[in-house]
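Let's walk through this protein together, starting with the terms and then moving from the whole chain to single residues. Keep the 3D view open as you read.

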Amino acid sequence: MYSETPTSVVSLLARALQRIRSTPPRIIASPPTQPRRAAVALLIRVAPSPSTPLPTENNVKTLNDFFELDWVKDPNARPEILFLHRESPPLDTASLSHIKGRESKEAQVAFPGGRAEPDDEGGLYTAMRQTWEEIGIDLAEKDYVLVGQLDDREITTSLGKRLLMILSPYIFLQVTPQAHTPDPIPSTTLHWIPLSSLVSPDSPPKWSSVTVDAASRLVSKHSPIFRFLIQLLIGTMQFPAIVMELRTPVPVSAKPTSTHDVLEKGISHKPLARHLKLWGLSLGMTLDLMSYMIYPPPPPNQRAYTPNSASPPPSPLAQVMQLPYQEVAEDLRVDLVAPNLASVFPRFSYPDVNFWIWVFGKRYRAVIRGWEASLRAGGVNDRRINWSGSALSTFYASVRKALIVVFVGRALGILFGLAFAGWWVFW
């Protein structure tokens, strides 16, 4: 279909988009108690090489046609994915971009999108409308094509105990070398990040972490004293994150050309952060996309990978995608199952909390192994099973049990300490 080397990111992207288009997404129905939904757009493009002649017309009708274009097959062509950095997110996107990061000072990125309105005709309409309103890109133009949809995701809060909404991610591809200049809203900057910095085996992603106050998940911000006590007892939560270095001083779509741009569009010359962190919901959806790139399909004469057959080679992310709190996952290949799981589950700063999570995590690990078995068997009949939702609920169930044990242990320790101090003073 295309003449690229096996490690070419363009070839990996072509395979991934073809698989996404042919794979039905897992749709999660909203329960009657929480009908809210949201949608985001993952926009991908291939930046052409400066030395490649560009076509004057767009004759792309299929994905195969696009990846057969000379400027796309050029070795210097660079696939990129669009991220946003919101300094002050609008009301309809705040629930998406700051559910995981409202207590973190880290510079984080997100995708264009937001909550569905009552008049929206569906998730796809919501994603396209929000993209137009937020960054000025009309995904209905001929420059873009809808590739498909990733699995729906459950957005929860309070340690996974309460459902907030269902999120639907849609994949779009820019099929022209150049498109209309975006027009983002004030305080929003655009960043086209090379996919090679995320999936290339020659330059694996740089992993870091984002620290979040654990008390923010358990106590209202209007109770500062109780919140301080919880923070003292529980500590903080560290979420895995990918550090993305910025290669340009200002986004390509946000170079002010006049005072009018500065005043009307909220664009300024203020220095931007040298790097951003991809984590939480955005990282989970990105890794969902990457899983289609790093997990090769079975050989032509084999329907699916089985425990007795040869497994595919480890992905570039295999070393960092282990079960939470386990250095070695033995026979479990998390990079083959769902790399997004390794991105959304936190690690606590106190070792005893992590230990008790592992003790109560038997059901969670069973869900993961069931997911892997389904994947190796083809997973066609299990598409109706919400594996990610089951993993999320069982993991946070173990977290809640662990926190109860830790709370009781801390309370008994404090009472014992006070009793011993009283005995020492009076006796």
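Two residues are in contact when they have heavy atoms within 4.5 Å of each other. The model is a predicted one, in which local features need pLDDT of at least 70 and side-chain atom pairs count only at pLDDT 80 or more, while totals for chains, interfaces and linings use all residues. Residues are numbered from 1 along each chain as its sequence is written, and side-chain values use heavy atoms, with hydrogens and water left out.

Let's begin with the whole protein. Its secondary structure comes to 15 helices and 11 strands; these are DSSP runs numbered from the N terminus, with helices being H or I over at least four residues and strands being E over at least two. Of the 427 residues, 48% are buried. Here buried means under 20% relative accessible area, exposed means over 50%, and partly exposed is in between (1.4 Å probe, protein chains only). Among contacts with a separation of 6 or more, 76% link residues 24 or more positions apart. The protein exposes about 21500 Å², and carbon and sulfur atoms supply 58% of that area. Such areas come from the Shrake-Rupley method with a 1.4 Å probe; for residues, only the protein chains shown count as cover.

How confident is the predictor? The average pLDDT, which is the predictor's confidence in each residue from 0 to 100, is 76 for the protein, and 70% of the residues score at least 70. Where pLDDT is low, the predicted coordinates should not be read in detail.

Now find Ile44 in strand β1. Is Ile44 buried or exposed? Ile44 counts as buried because its relative accessibility is 0%. Leaving out residues up to four places away in sequence, Ile44 touches several others, including Leu13, Leu17, Ile81, Ile171, Trp192 and Leu289. The C-alpha atoms of Ile44 and Ile81 are separated by 4.5 Å, although these residues are 37 apart along the chain.

Follow the chain on to Ser49, in the loop between β1 and α2 (63–67). Ser49 is buried, with a relative accessible area of 6%. Beyond residues up to four places away in sequence, Ser49 touches Asp74, Asn76 and Ala77. Asp70, in helix α3 (residues 70–73), is exposed, with a relative accessible area of 61%.

Next comes Leu84, in strand β2 (residues 78–86). Leu84 has a relative accessible area of 0%, so it is buried. Its contacts, not counting residues up to four places away in sequence, include Gln108, Phe111, Ile135 and Thr188. The C-alpha atoms of Leu84 and Gln108, 24 residues apart along the chain, are separated by 8.5 Å.

Strand β6 (residues 162–174) holds Ser168, which counts as buried at 4% relative accessibility. The side chains of Ser168 and Asp152 are joined by a polar contact of 2.8 Å. A polar contact is a pair of N or O atoms within 3.5 Å; within protein, one must be able to donate a hydrogen and the other to accept it, and residues adjacent in sequence count only if both atoms are side-chain atoms. Setting aside neighbours within four places in sequence, the contacts of Ser168 also include Arg37, Val40 and Gln149. In the loop between β6 and β7 (188–194) sits Ser187, partly exposed with a relative accessible area of 23%. Its phi is near 70°, a positive value in a residue other than glycine.

Finally, turn to helix α13 (residues 351–359), whose buried residues are Val353, Asn354 and Ile357. They lie on the same side of α13 because they cover an arc of only 95° around the axis, the arc being that of the directions from the helix axis to the C-beta atoms. These buried residues pack against β11 (347–348) and α15 (387–426). An unreviewed UniProt entry annotates residues 402–426 as "transmembrane region"; UniProt positions are given in the numbering used here, feature names are shortened, and annotations may be inferred rather than shown by experiment. In the model, residues 402–426 are 100% helix and 0% strand, with the end C-alpha atoms 36 Å apart.
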